[in-house]
Amino acid sequence: MRRRISTFAATAVLTGGVLLGSAPVQAVAAHAVTCKPAEMQRDIAKLKAKANRLKHEGEYAAAKRTRAQADAIQRKLNACVVGDRNSSRKF
């Protein structure tokens with residue numbers, strides 16, 4: 001009897017761990033990502049111009065943060081372009 005209870009308890013713990021582990025994946029998969037390349041490129045250009053202006057004014061830390069934001073958007077844009085290119089291929 002003790003062996004059955006411990007087996008059921010272990011199974012319940014493992015099942016709960018699997019369910020909790022898969023919950024964030026389902027939440028992320030449900031969230032649709034839309035890419036708007038023109039808008040993203042416009043945002044990148046604005047942020048780079050702002051970073052250059054801040055650097056010219058002597059605000060080096062703020063310019064670095066602004067440049068990092070532009071780089072993050074650029075990485076997202078590159079990922080979107082590659083994803084679109086790969087999704088259009090036939091197997």
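Is Cys80 buried or exposed? At 14% relative accessibility, Cys80 counts as buried. By buried I mean under 20% relative accessible area; exposed is over 50%, and partly exposed is in between, with a 1.4 Å probe and protein chains only.

Before going on, the ground rules. This is a predicted model, where local features need pLDDT of at least 70 and side-chain atom pairs count only at pLDDT 80 or more, while totals for chains, interfaces and linings use all residues. Residues are numbered from 1 along each chain as its sequence is written, and side-chain values use heavy atoms, with hydrogens and water left out.

The overall picture, then. The chain has three helices and zero strands, so the order from the N terminus is α-α-α, taking helices (H or I, at least four residues) and strands (E, at least two) as DSSP runs numbered from the N terminus. Of the 91 residues in the chain, 13% are buried. The accessible surface is about 7900 Å², and carbon and sulfur atoms hold 61% of that; areas come from the Shrake-Rupley method with a 1.4 Å probe, and for residues only the protein chains shown count as cover.

Back to Cys80. What does Cys80 form with Cys35? The two form a disulfide, with their sulfur atoms 1.9 Å apart; the criterion is a pair of cysteine sulfur atoms within 2.5 Å. By this rule the count is one disulfide. The pair links distant parts of the chain, 45 residues apart: Cys35 sits in the loop between helix H1 (2-30) and helix H2 (37-57), and Cys80 sits in helix H3 (residues 60-87). The link is left-handed, with -70° about the S-S bond.

Next, the helix pair. H2 and H3 pack with their axes 8 Å apart, at an angle of about 165°. Axes here are lines fitted to C-alpha atoms, for helices over the stretch in contact, and angles run from 0 to 180 degrees between N-to-C directions. H2 is therefore roughly antiparallel to H3; the label needs an angle over 145 degrees, against under 35 for roughly parallel, 65 to 115 for roughly perpendicular, and oblique for the rest. Their crossing is left-handed, meaning that the near helix is turned anticlockwise from the far one by less than a right angle; clockwise would be right-handed.

Arg53 and Glu57 meet through their side chains in a salt bridge, 3.6 Å from N to O. The rule is a side-chain nitrogen of Lys or Arg within 4 Å of a carboxyl oxygen of Asp or Glu, and a search of the whole structure finds one. Both residues lie in helix H2, four residues apart, about one turn of the helix. Arg53 is partly exposed, at 42% relative accessibility.
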